[in-house]
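Hello,

Please find the structure below, with notes on what turned up in it.

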Amino acid sequence: MDIGVLLVYGILGLTVIVSAVGLIVSRNALYSALFLVVNFVAVGLLYLALGAPFIAFAQVTVYAGSIMVLFIFVIMLLGAENLMLDEPLRGQRALGILLVVIFLAEIVLYYLLRTTPLQAIPAIPQTFASPAEIGMLLFNRYLLPFEVTAFILLAATVGAILLSKHEGPTRPKPGIQKPETPVEG
Amino acid sequence: MNFETVLPLAPWVVFFPVLGILLNLLLGKRLGEKGIGIIASLAAGLSFGVAVLLALGLAGHPEGATYPFLRWLAVGDFVADWNFRVDTLSVTMMLVVAGVGSLIHIYSIGYMHADVRHNGEPGRFRRFFVFLNLFVAAMMILVSADNFLMLFVGWEGVGLCSYLLIGFWFEKGAGGIANAQAAKKAFVVNRIGDFGLLIAIFLIFYNFGSLDFETVFAQAPQVAAALPGVILAITLFMLLGVTGKSAQLPLYVWLPDAMAGPTPVSALIHAATMVTAGVYLVARSQALYQQVVLAQDVVMWVGAATAFFAATIAVGQYDIKKVLAYSTISQLGFMVTAVGMGAAVAGMFHLVTHAFFKALLFLGAGSVILGMEHGHEHAAAHGSHTEGHHSAFDPQDMRNMGGLREKMPLTFWVYLIGALALAGIAPLSGFFSKDEILADASLHHPAVYLVLTAAAFLTAFYVARQLAMVFFGKPRSEAAAGAAESPAVVTVPLVILAVLAAVGGLLNFPTTHWLEKWLEHSLYGVEPARFILSVALISLAVALTGLLIGWLVYGRKPLEDARQPDPLARPLNGLFLALEHKWWVDELYQAVVVKPYLRLAQFLAQPVDQGVIDGLVNGVGNLLRSTAQSWRRIQNGYVRSYALTILLGVVLVVTYLVLR
Amino acid sequence: MPMSYYLILSAAMFAIGVLGVILRRNPLVVFMSLELMFNAANLVFVAFSAYHQILDGDLFVFFVMTTAAAEVAVGLALMVAIFRAKRTIDLDEMSMLKG
Amino acid sequence: MIFGLHPLLLVTFLPLIGFFIILFLKAEQKNAIRWTALLTSLATFGVSLAMLALFDPARGDLQLVYRTSWLRVGGISIDFYLGVDGLSILLVMLTTFLTPIAILSTWSAVEERVKGFMAFFLLLETGMIGVFLALDLVLFYIFWEFTLVPMYFLIGVWGGERRVYAAVKFFLFTMFGSLLMLLAILVMGLQVGSFAWNDLLAQRQLFAQTQLWLFLAFALAFAIKVPMFPLHTWLPDAHVEAPTAGSVILAGVLLKMGGYGFLRFNLPLFPEASLQAAPYMAVLAVIGILYGAAVSLMQKDVKKLVAYSSVSHLGFVMLGIFALTQQGLAGGVLQMINHGLSTGALFLIVGMLYERRHTREMSAYGGIWKVMPILGALTLIVMLSSAGLPGLNGFVGEFTILLGAFGSQVLNSPYFAGAATIGVILAAVYLLVMFERVFLGPVRVEANLSLKDLNAREVITLVPLLVLIFWIGLYPAPFFNLINPSVERLVSLVQGAAMLAIH
């Protein structure tokens, strides 16, 4: 493997890690969101490298595009850029970091101590994971999950609309006016 | 009279009074006092009539018989029938109960008429007669019982009536509650005795296989030979019952307090009949007692000790009825001594004569009290009211009396007869019956004889004291001065009783011994009664001496004023104080039995029950609660905390996977 | 590239996401951290899909993405609703449901 | 068959019909609801009389048996299995007899939420009758727990000040005991392959090895219900807080379920263990007698006094049962009835006073006999019956029990009965003290002067109880005739096991 490829992978990996760290440490939620976009794009590139162009593009359009827009929109709407970084829960931060470190160490150790190391990823043919292939699979074997997902999305949409609909101070519906409460100007 | 034809009448001795109760309960309100009194008296009288018929029947058939009536209780091998035992002993008791009872019923018509008005509750007239009839019924069940269970039924039944009648004026007495407390005391003390009787009954059943008198007494010698300890236990437990019902040491304490009941009640229940039930029981169970000498001795000594002890207390009392009450206890002691010695006939003889003269004395005392109340009300009405507050005046206090001989002559004369009979002056009835007991004691138990003679002396002494204080001297209160003779309905029964008290000695007159011949058919191992001239003369001399000394102390120089101390108070000093305070026995019991029990109960109720037991229960609850209280902190509501916990779980799972 | 590159990278991403969830009190950032964790998982899916030359992994990523979109939509709507009611979206303020 | 229905089914579920009718009535129709409840309970009493007529007292075995397969779980059939014998018939009669009386007593005492009250009451009646009739252990358990719920609400909703505490205590106590019983039932059922009482009895040897544990599990449940010392502390609280009718049923019937459980299950199913445990149970019973008597003397609240007296009285029942003699057992059964009548009546009386004065402190009374002569006289009789006066019911039961315990070969010592007899003295003490404080003496409190004596309805609620009090006291033979054959069978069963144990 030549050094250029390694470098590219190294930079990508570093981007992923750094943007993730940036996401959780930045004071401003807006910055977090932007870090996340960077992260998504970097991961999308990795998808491309793994021979999954459809997923990569979906990643960029759905995640980096629409979902992040939604995030930023809500951040702006609620004015929630100001972030509270202090920790009122005693021991939460220390214990959290400790556990995460252990977790990570364990996973890494696990890979290192494996008796049968994983092979390198074989060369990927061009036709693998082409949109056509994915489409075939999606509408044959995974038809039912696909439809269910569609339904979930629909339900989520309806739910989101219902939740965020503004219910102002009860406005009497026209026609169903209670007689004992006179309407005042 | 043919015995077979009268025998089926036996249940009516119980059911006439029961009928009286029902009639009075149903119709009493409409009949008025006269009707109520007549129905109740008729019920008792008819009961007496049946008893007379039974007695006449028995004359030709003295062995007696049992009239089967009802299978009362049958569980497994335990069978108890309600049968009526008609033999000379039970019929003698029936005659006394119904005879004296009828007279007292009649007397009560007049007495209660005044009493309910004096106490301001005319509505209770009916209640009194219902209770009185109930008493006769229960007493009849007791004496006609053919087994120990039915005897116990009657035994407790009369105890109930005693309770009801002592507490008849339940809102009166010291502090408004003394009468009720006296009633309670009587019931509870009796219950202690009943406990003994119950245990005796259980022992009898398991060692004789039956409670029927016939079966038990027939087997007594065999069982006694095989299990002497058991018979001793039976007789001693039975004695506990006797001491309760017949007011013997150590359970006599209820009887003086029982004088809180209306006077006819004191006469009927607490002098003539109920309290003699214990004597009857021992007489009836002679077959058992004569198997163990030790038990006999114990009974005898209990009786003798009581006879002397109560007589001493009687000397120091001021309440006219209290004197009679202690006198009753003392006389019951004589009877118990007699039956304990095996001289059951003498004991029964004294029981009968005592019923006559003590009923007479109580009714006479009642008449005196009526006169005093009358005088008191009279004085109050005329405004010359010097004794102080109305409620403070005690019409039963002998210190307030005096000189009633002139105001109430008839009462005085009959009272005198009763008192002399009690003192044992020949030829009145008490002389003969007491003498028979003394004669028997002198032969076998000289020590007992001495004690009884001393008691007889004291008896004569307090009789003289009472007579002097009540009837002689000058009136010491306005009430006494204004006292008047009681109406005929009161005095007629007095006269009848006086006659009986005077001539009752004929029943077992030394030459004829009718009673002995009558009773020997139903009493076990009757000892022939003896007349010992020396003993008779000594006892007569002792009685006369007692009377004389009493007269010298109290009669020669009568009390002038109600507040004047007793002439004996100075010479006897502390001793008289002890007599006045009844040797502090009540206080002793209070300190030794009542208080500790209350303290124990309080200890169990508060620290033990609420503290330990319930505390343990609530402690378990609280433990759970506090545990949950500390554990709920984990569920703090912070999502991030939960997430951390999840992470912890993840780490643990991964650790497991890695280390596997 | 060796598989361990993707796996360790994914683990690191996941761990950082967890940290974000645990440490941040801003629910929006928490959401984003969740997305990070999704992505970590997705990366492994895609990597193994390539490793085994089977498409199912990719399809799972597709489904995860749609579901995540739905989740974000509902979650953000909830956020808005909560903000309206409580005038704050501090996660630590939302601790009513406790023992 | 009555109206084509099995009498036991009818007597069990007739109250449920009334329950459903009440559900369809409006809450405001208080009188309609009351009358429905009363008439239903009276009809149930009528049916139970018919059941009594169909019952053959000479036979000691189970009669009028109704059995149908109900549930099938894992190859084991749980049957809907009802039957009656001498042990249970009087208790069923007591239940159907006391329920209308209790309902009548609420006529003016319960004014709020009448609908719920009556509905729960009828539900409770079904449960209680079911407990006494059920012969399948699972069915028994279901009825047993079923009675808890209505009683819980009767105390918890219509009770006094600390009603919730009392209700929860009552519920938890009973539940705690019965869970172990459920476990024991399951163990036995799985071993034998049936939950029916006579199947278990026939194949007793299958669980003979573990019977001591099974005995203890059952005994705990029943001892709590009875309640035996030292598991009694829920009772005073429950009684004090419960409404009058609830107290009547609680004392009159619910406590009897414990004693009945011992008779029906513990003795026949685990005879060897019963023999082994008898002295210990008797010790607890005697302690209960004396302890209850002492503690009740110290109570200031009349209801609490009566509640503790129940501990004492039921000690007698337990002593009789574990004397394991004919007299002891028969006396125990009868004493359960007696206690139901006397204590039920006492609670009614306390309720009548409470309705007038709204206090149960004895110091608030005194001299009531003077102002309420009818109540005074009736109370006197009831009090004496409770004190075990001959001629009234209490004596018959207590005497038989003590007689049975005195010569019991199982207890093998007269001291148990001897100590228990002291309880007879103590009973007189606390009852007389109670009577004295409430009814005797002068009227000390102004408010008591204007008390009205009982009205006709109140007299009618008490008189049936008094009639039975006198009947049992004066002529107990008919009652013993009903009890004796079954008790004989039970005794021979236990004695037979004792024989085998010796050999």
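Domains of chain D

The C-alpha centres of domain 1 and domain 2 of chain D lie 21 Å apart. This is a predicted model: local features need pLDDT of at least 70, side-chain atom pairs count only at pLDDT 80 or more, and totals for chains, interfaces and linings use all residues. Residues are numbered from 1 along each chain as its sequence is written, while chains are lettered from A and ligands numbered from 1 in the order in which they are written.

Domain 1 of chain D covers residues 1–264 and domain 2 of chain D covers 270–503; such bounds come from an automatic or database domain assignment. Between them, 43 residues of domain 1 of chain D are in contact with 49 residues of domain 2 of chain D. Two residues are in contact if their C-beta atoms, placed from the backbone, lie within 7 Å.

On the side of domain 1 of chain D that touches domain 2 of chain D, the elements giving two or more residues are helix 3, helix 8 (211–225), helix 9 (234–241) and helix 10 (244–269) of chain D. Helices (H or I, at least four residues) and strands (E, at least two) are DSSP runs, numbered from the N terminus. Helix 10 of chain D gives the largest share of that side, 11 residues.

Helix pairs in chain D

Helix 3 (residues 86–105) and helix 18 (residues 456–474) of chain D pack at an angle of about 160 degrees, with their axes 9 Å apart. Axes are lines fitted to C-alpha atoms, for helices over the stretch in contact, and angles run from 0 to 180 degrees between N-to-C directions. The angle makes helix 3 of chain D roughly antiparallel to helix 18 of chain D, a word used for angles over 145 degrees.

Which residues of helix 3 of chain D meet helix 18 of chain D? They are D:Ile101, D:Leu104 and D:Ser105, and they meet D:Arg457, D:Ile460, D:Thr461, D:Pro464 and D:Leu465 in helix 18 of chain D. The residues of this contact divide into five nonpolar, two polar and one charged.

In a second pair, the axes of helix 5 (residues 137–158) and helix 6 (residues 163–192) of chain D come within 10 Å and cross at roughly 175 degrees. Helix 5 and helix 6 of chain D are therefore roughly antiparallel to each other. Their contact has 17 nonpolar, four polar and two charged residues.

Domains of chain A

The domain assignment of chain A gives domain 1 (8–83) and domain 2 (125–164). Their centres, taken over C-alpha atoms, are separated by 22 Å. Four residues of domain 1 of chain A are in contact with four residues of domain 2 of chain A.

Contacts of chain C

Chain C puts 59 residues in contact with 67 residues of chain A. Helix 3 (56–86) of chain C is among the elements that give two or more residues to this side of chain C, and the largest share, 20 residues, comes from helix 3 of chain C. The contact of chain B with chain C takes 10 residues from each chain.

Regards

How values were computed:
Angles under 35 degrees count as roughly parallel, over 145 as roughly antiparallel, 65 to 115 as roughly perpendicular and the rest as oblique. Ala, Val, Leu, Ile, Met, Phe, Trp, Tyr, Cys and Pro count as nonpolar, Asp, Glu, Lys and Arg as charged, and the others, Gly among them, as polar.
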